[in-house]
Amino acid sequence: MKETNLFRYATSELSQDAFICWLLSHAKIENQNKNTEITQCAVDFLHAIPQLSKVKDIAEIQRQYSVGNVRIDILLTIDNYKIIIEDKIFSEATDSQIQAQKNALVAEGIAASQIICVFYKTVEQWYKPKAADKIFSRSELLAIFNKYKDRINSDIFTDYVDYLENFNQEENLYNTLPIAEWWSMPYTGFFKHLIDTKAVSKENWWGYVKRGRKKGGGGFNCLCWYPLNNAELDQIGLTEDYCDECKLQIENNKIAVKMSADGEAYDKEKVNYARQKILAYFQSCIPNFEKPARQVFANWMTVGYIEYDEKNFAEKIKLMNDTFFAMKTNFKLVPMH
């Protein structure tokens, strides 16, 4: 991305709010002749939203609209509809957050059938909020905007499209950078690659995990998945008396075996017994399988891990998957007496 790109510096969600409002303002009747190409792009964006496939203009655009203690990033009025746009870059939106915005408008007297919730997300998150009627991903936004990139004479528009394309480039850097230089964007591209190529199971979660609640506590880029389901864990003796769940988890440059215990209800002696048996099994199968420096008790605990890098990740992930899956025949937890 060029140094003079406005969005190299305007990186906040408020700046993205401003771009969305600027773009959509060209769809208001009084502005439609000022730049017809931007107007058509704005209309194409609106037509991608359910129930708005035939709209021709926007009546009102409200930014940072507040209803009681609920804030809506952008609120559009189009015909009889109120369109909520929840805008996120790196941060995530939840169903409860989006539903709260809809409920706030209903409390103001707007019929639920007249409210459309749009989630505008430029850096992908693993979870797709079901409360959103429409989710604009970066790829869909670029599909709309790139049709106009060579036709719209506007530094604002061109800079924003380049800004979005730069995210794609950053995600793909996992292919060329050493793992020690990865940050959240290359890890996002890497995790998406593992999911798309089915290197991990369908039941997975990924994102950035913060360590503790203290500011500056750090964290790690995480992708976790479950090679065995709970019924299969029960069959090999890892019942809920010893372990609630067990999974594989990438934590930056490590692939760890994680197990969970049921909050304050677990029996530490039984949990530790199960953890040591799982550790011994993985160490017998993988010579460089390491146990953590500290074995703490928490809802999720690290049994052990191996390290990987940008060159051997496929081999290492397959090794961990195969070893975990082989527990069905090669591992049996004998209950404590």
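**Entry 1: E13**

I began with E13, which is partly exposed at a relative accessible area of 24%. The cut-offs explain the label, because buried requires under 20% and exposed requires over 50%. I note here that the model is predicted. I placed E13 in helix 1, which covers residues 13-25.

I then looked up what E13 touches beyond the residues up to four places away in sequence, and I found D87, K88, I89, F90 and S91. For the pair E13 and D87, I recorded a sequence separation of 74 residues and a C-alpha to C-alpha distance of 6.7 Å. With S91, the side chain of E13 forms a polar contact of 2.5 Å.

**Entry 2: the chain as a whole**

I next took the overall values. The chain has 337 residues, and 47% of them count as buried. I listed 10 helices and 10 strands. Along the principal axes, the C-alpha trace spans about 80 × 45 × 35 Å.

For the accessible surface I noted about 17,200 Å², with 48% of it belonging to carbon and sulfur atoms. I also examined contacts between residues at least 6 apart in sequence; 59% of these join residues at least 24 apart.

Strand 2 (residues 70-78) and strand 3 (residues 81-88) are antiparallel and share five bridges. I noted that L76 has I83 of strand 3 as its bridge partner.

**Entry 3: helix 5**

I asked what span helix 5 (residues 155-171) should have and what its end C-alpha atoms show. The 17 residues, at 1.5 Å a residue, should span 24 Å, and the end C-alpha atoms are 24 Å apart, so the two values agree. The expected span uses one less than the number of residues.

At the start of helix 5, I found a side-chain oxygen of S154 within 3.3 Å of the backbone nitrogen of I156. The buried residues of the helix are F157, D159, Y160, V161, Y163, L164, N166, F167, E170 and E171. These buried residues pack against helix 1, helix 2 (36-47), strand 4 (115-121), helix 4 (138-145) and helix 6 (184-196).

**Entry 4: N221**

Is N221 buried or exposed? N221 counts as buried because its relative accessibility is 10%, and the cut-off for buried is under 20%. I located N221 in strand 7 (residues 219-225). Leaving aside neighbours within four places in sequence, I listed its contacts as W183, S184, Y187, F191, G207, Y208, I250, E251 and N252.

**Entry 6**

Strand 8 (residues 246-251) and strand 9 (residues 254-260) run antiparallel and are joined by six bridges. I noted Q249 standing opposite A256 of strand 9.

Technical notes: Residues are numbered from 1 along each chain as its sequence is written. This is a predicted model: local features need pLDDT of at least 70, side-chain atom pairs count only at pLDDT 80 or more; totals for chains, interfaces and linings use all residues. Side-chain values use heavy atoms; hydrogens and water are left out. Two strands pair if DSSP finds at least two bridges between them. Helices (H or I, at least four residues) and strands (E, at least two) are DSSP runs, numbered from the N terminus. Buried means under 20% relative accessible area, exposed over 50%, partly exposed in between (1.4 Å probe, protein chains only). Contact means heavy atoms within 4.5 Å. A polar contact is a pair of N or O atoms within 3.5 Å; within protein, one must be able to donate a hydrogen and the other to accept it, and residues adjacent in sequence count only if both atoms are side-chain atoms. Accessible areas come from the Shrake-Rupley method with a 1.4 Å probe; for residues, only the protein chains shown count as cover.
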